[in-house]
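Subject: Structure for you to look over

Hello,

Here is the structure I said I would pass on. Please open it alongside this message.

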Amino acid sequence: MFRKLPRAYPSISRLFVLPALATAALLLVSANEAKADFRVCNGTQSLVGGAIGYRTAEGWVTEGWWQIPANSCATLIEGQLGSRYYYLYAEDAGGGGRWAGDINMCVADNEFRIVGVEDCFARGFQRVGFKEYDTGRQGSWMVQLSDAPEVQESNN
């Protein structure tokens, strides 16, 4: 006959089930933490609008606008990154500055997804300079925007 164990000792079934449950929970947490994406973090005190450009099978694509509140992050592309190069344009909603580069792509005033980077004005869009980010084919990437937006360099 088996002797009943005091409550301070776990039952035999708990010895096997609890570690299995803990392992499963750890795997779920790890999977969520390992999520790949392209994120932009706004380290400023202002609302920032962001747009992204990238190459797809259908050609160059630009998308926007993501509103990124002060001291927060936004995911612009969810999932594993498929390209090496991504392009970002962002501007302070208060008119305080912009984060730009010298790669011209199309944007619109409101939410947009534009295929193609040529003839922006003729197609009813604006043209702005996006900054290139070489991800080195990493599965995820994060850009940190600071209070001092980069000044677009001049060739003059």
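Predicted model: local features only at pLDDT ≥ 70, side-chain atom pairs only at ≥ 80, totals over all residues.

Residues are numbered from 1 along each chain as its sequence is written, and side-chain values use heavy atoms, with hydrogens and water left out.

Confidence

The average pLDDT (the predictor's confidence in each residue, from 0 to 100) is 78 for the protein, and 72% of the residues score at least 70. Residues 1-32 stay under 50. For that stretch the model has three contacts (heavy atoms within 4.5 Å) beyond four places in sequence. Residues 151-156 are also below 50, with two contacts beyond near neighbours in sequence.

Strands and sheets

Strands here are DSSP runs of E, at least two residues long, numbered from the N terminus; helices would be runs of H or I of at least four residues. Two strands count as paired if DSSP finds at least two bridges between them.

β2 is antiparallel to β3 over nine bridges, and a hairpin of two residues joins them. The bridge partner of Y54 in β3 is V61. β2 also pairs with β5, again in the antiparallel sense, over six bridges; there I52 is bridged to L88 of β5. Seven of the nine residues of β2 are buried (under 20% relative accessible area; exposed is over 50% and partly exposed lies in between, with a 1.4 Å probe and protein chains only), so β2 is largely enclosed by the rest of the structure.

Nonpolar cores

A nonpolar core is a set of buried Ala, Val, Leu, Ile, Met, Phe, Trp, Tyr and Cys residues joined through side-chain atoms within 4.5 Å. The largest has 18 residues, of which F38, V40 and L145 touch the most other members. β1, β2 (48-56), β3 (59-68), β4 (72-78), β5 (85-92) and β10 (141-145) each give two or more residues to this core. A second, separate core has 13 residues, including M105, A108, I114 and F130.

F38 sits in β1 (residues 37-42) and is buried, at 0% relative accessibility. Beyond four places in sequence, the contacts of F38 include I52, L81, Y86, W141 and V143. The C-alpha atoms of F38 and Q80 are 8.5 Å apart, although 42 residues separate the two in sequence. V40, under the same exclusion of neighbours within four places, is in contact with residues among them I68, C73, L88 and L145.

A buried asparagine

N42 is also in β1 and is buried, with a relative accessible area of 2%. The N42 side chain reaches two backbone oxygens, that of S46 at 2.7 Å and that of P69 at 3.2 Å. Both are polar contacts: a pair of N or O atoms within 3.5 Å where, within protein, one must be able to donate a hydrogen and the other to accept it, and residues adjacent in sequence count only if both atoms are side-chain atoms. Not counting residues up to four places away, N42 touches L47, I68, N71 and Q144, among others.

Backbone points to check

The peptide bond between G64 and W65 is cis, with omega about -10 degrees; W65 lies in β3. N71, in the loop between β3 and β4, has a phi of about 55 degrees. R137 has a phi of about 65 degrees and is in the loop between β9 (126-134) and β10. R137 is exposed, at 60% relative accessibility.

Regards
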